[in-house]
Amino acid sequence: MLYLYGVFGGKTGYILACLSNTLPRAGCFLIYKTNIAAEKSRAVERCKMANKSEEIIAEVKKVIIGKDNVIEKTLMAILAGGHVLLEDVPGVGKTTLALSFARTLGLDYQRIQCTPDTTPSDIIGYSFYQKGASDLVYKPGVVMCNLLLADEINRTSSKTQSALLEVMEEGNVTVDGVTRPLPEPFTVIATQNPFGSAGTQLLPQSQLDRFAVRLHMGYPDFDSHVDILRDRNISQPLDSVNQVASMEDIKNMRSEVEAVNVRDELFVYIAKLSERTREVEDISLGLSPRGSIAVVRMAKAKAYVSGRSYLVPQDVVDIFPDVASHRLILSPKAKIAGVKANEIIENLIKETKTPEIDSADL
C-alpha cells in the first residue's frame with residue numbers, strides 16, 4: 001500500500017509518498033501537487049527500488065558480519081557505475097564480499113588471481129589463428145562478465161594492471177585493433193594487500209583514479225568475530241545467499257540513481273572541496289576532475305540507498321573520504337610526519353562551509 005502525506009513548509013506545499021505508515025522514514029519521496037497521478041506512479045517505482053536496496057544489503061549481511069558500512073558503500077559504487085578497491089590484510093573477507101554480491105545480484109562473475117606472471121591477455125583476451133577461419137579468432141579474457149574480482153591486484157606487474165585502464169574507464173576491450181563492448185552492467189572489485197606485504201607493488205596513480213572508492217574491511221569486533229566462528233562451524237554461509245535482484249534490476253536502479261536531483265549549491269560545494277585538496281601544503285597531488293565526478297555519482301547513490309530522490313550535503317560528507325583518499329598524494333614532509341590522507345580530508349570538510357538548503361525547495 002502507498003501512503004500519502006500532505007506536508008507544507010516554507011513557500012512550497014507538497015505530498016510525501018511512502019510505503020510505510022510511519023514518519024519520518026527512509027524510502028519516502030516527494031510528490032508535487034501538479035500531475036499527482038503520474039508522480040504517484042513514479043514514486044511507487046522509486047519506493048520499490050529503495051526496498052530492493054535493503055533486500056540486497058540484508059542478503060549480503062548473511063555472510064559479511066559487522067561490516068554494514070562496507071556493504072552499503074560497495075552497493076553504492078555498483079549502482080553509481082563505479083569500481084571498488086578493497087585494501088586490507090588477508091583473511092578479513094574481501095573476496096567473500098565480492099562473491100556475496102555476485103550471488104545476490106545474479107551477475108555473471110569471473111575471478112582472476114593476480115600473480116607476477118599474470119599477463120594482459122589473461123585479462124582482456126587474445127586473438128589466435130584457427131585453421132579454416134578467414135580472420136583471427138578472439139578468445140575472450142576474464143573481463144567479459146558483469147562482475148570481475150581481481151584478487152591481490154597489486155601483486156601483478158604494472159603492464160598487466162594497465163590492461164584494466166580502458167576496461168574500467170570506457171567499458172570496452174581493444175585487442176589487435178578491434179574494440180569490443182563489455183556486458184552491462186560491469187563492475188570491477190579489486191583487492192589488494194597493504195603495500196609492504198611480500199610481493200606487492202604500488203598501483204600507479206592512473207589505475208587508482210579508476211576506482212570510485214577505496215574501502216577497508218578491518219578486523220571484526222569481538223561479538224562479530226564470535227558470530228563468524230559460530231556461523232562457519234557447521235556450514236558455509238555463502239550457500240545460504242539467495243539472488244534477490246537481476247541484471248535488469250541493477251540497470252533500473254542505476255537509472256534511478258542518475259535521476260537523483262542535485263542542486264547547484266551542492267555542485268559548488270563538491271568543487272570547493274576538490275579545490276581545497278589542491279591547495280593544502282601537505283598534499284602534492286589533489287583530487288582530479290574525474291575524482292570530483294566520482295564524488296557526485298557516489299553521493300547520488302548514497303541518497304538513493306538512503307531512500308531519497310534528492311541530494312543533501314551529508315551525502316557528500318559521508319562518501320568524500322572514501323572517494324578522495326586513494327587519489328591524493330601526500331607531500332614528503334607529510335609522509336615523514338606520519339600524516340594520513342583521511343585526517344587531512346576530515347579537516348578540509350570541517351573548514352569548508354556546508355551549503356544551507358531549504359528542504360521545502362527540494
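The model is predicted, so local features need pLDDT of at least 70 and side-chain atom pairs count only at pLDDT 80 or more, while totals for chains, interfaces and linings use all residues. Residues are numbered from 1 along each chain as its sequence is written, and side-chain values use heavy atoms, with hydrogens and water left out.

**The sheet**

Select the five strands that form an open sheet in the order E5-E8-E11-E4-E12, with parallel pairing. Strands (E, at least two residues) and helices (H or I, at least four) are DSSP runs numbered from the N terminus, and two strands pair if DSSP finds at least two bridges between them. At the edges are strand E5 (109-113) and E12, each pairing on one side only. From one strand to the next the twist averages 15°. Next, show helix H3 (residues 94-105), which packs on the sheet and touches E4, E5, strand E8 (147-151) and E11; contact means heavy atoms within 4.5 Å. The direction of H3 makes about 170° with that of E8; angles run from 0 to 180 degrees between N-to-C directions, and axes are lines fitted to C-alpha atoms, for helices over the stretch in contact.

**Strand E4**

Now select strand E4 (residues 84-87). In a regular strand the side chains alternate between the two faces of the sheet. In E4, Val-84 and Leu-86 on one side and Leu-85 and Glu-87 on the other are all buried, so both faces are covered. Buried means under 20% relative accessible area, exposed over 50%, and partly exposed in between (1.4 Å probe, protein chains only).

E4 pairs in the parallel sense with strand E11 (residues 187-192) over four bridges, and Glu-87 has Gln-192 of E11 as its bridge partner. Parallel pairing of E4 with strand E12 (residues 213-215) runs over three bridges. There, Val-84 is the bridge partner of Val-213, and Leu-85 stands opposite Arg-214.

**Helices H2 and H11**

Move to helix H2 (residues 68-79) and helix H11 (residues 289-305), which pack at an angle of about 115° with axes 9 Å apart. To see the contact, show Lys-73, Met-76, Ala-77 and Leu-79 of H2 with Met-298, Ala-301, Lys-302, Tyr-304 and Val-305 of H11. By class, this contact has seven nonpolar, no polar and two charged residues. Ala, Val, Leu, Ile, Met, Phe, Trp, Tyr, Cys and Pro count as nonpolar, Asp, Glu, Lys and Arg as charged, and the others, Gly among them, as polar.

**Ser-121**

Select Ser-121 in helix H4 (residues 120-124). Ser-121 is partly exposed, at a relative accessible area of 29%. Its side chain makes a polar contact of 3.0 Å with the side chain of Thr-119. Such a contact is a pair of N or O atoms within 3.5 Å; within protein, one must be able to donate a hydrogen and the other to accept it, and residues adjacent in sequence count only if both atoms are side-chain atoms. Leaving aside neighbours within four places in sequence, Ser-121 is in contact with Tyr-126 and Gly-141.

Most residues other than glycine have a negative phi, and most peptide bonds are trans. Select Glu-152, in the loop between E8 and helix H5 (158-162): its phi is positive, about 55°. Glu-152 is buried, with a relative accessible area of 18%. Asp-176, in the loop between strand E9 (172-175) and E10, also has a positive phi, near 55°, but is exposed at 56%. Finish at Pro-185, in the loop between strand E10 (178-181) and E11, where the peptide bond from Glu-184 is cis, with omega near -5°.
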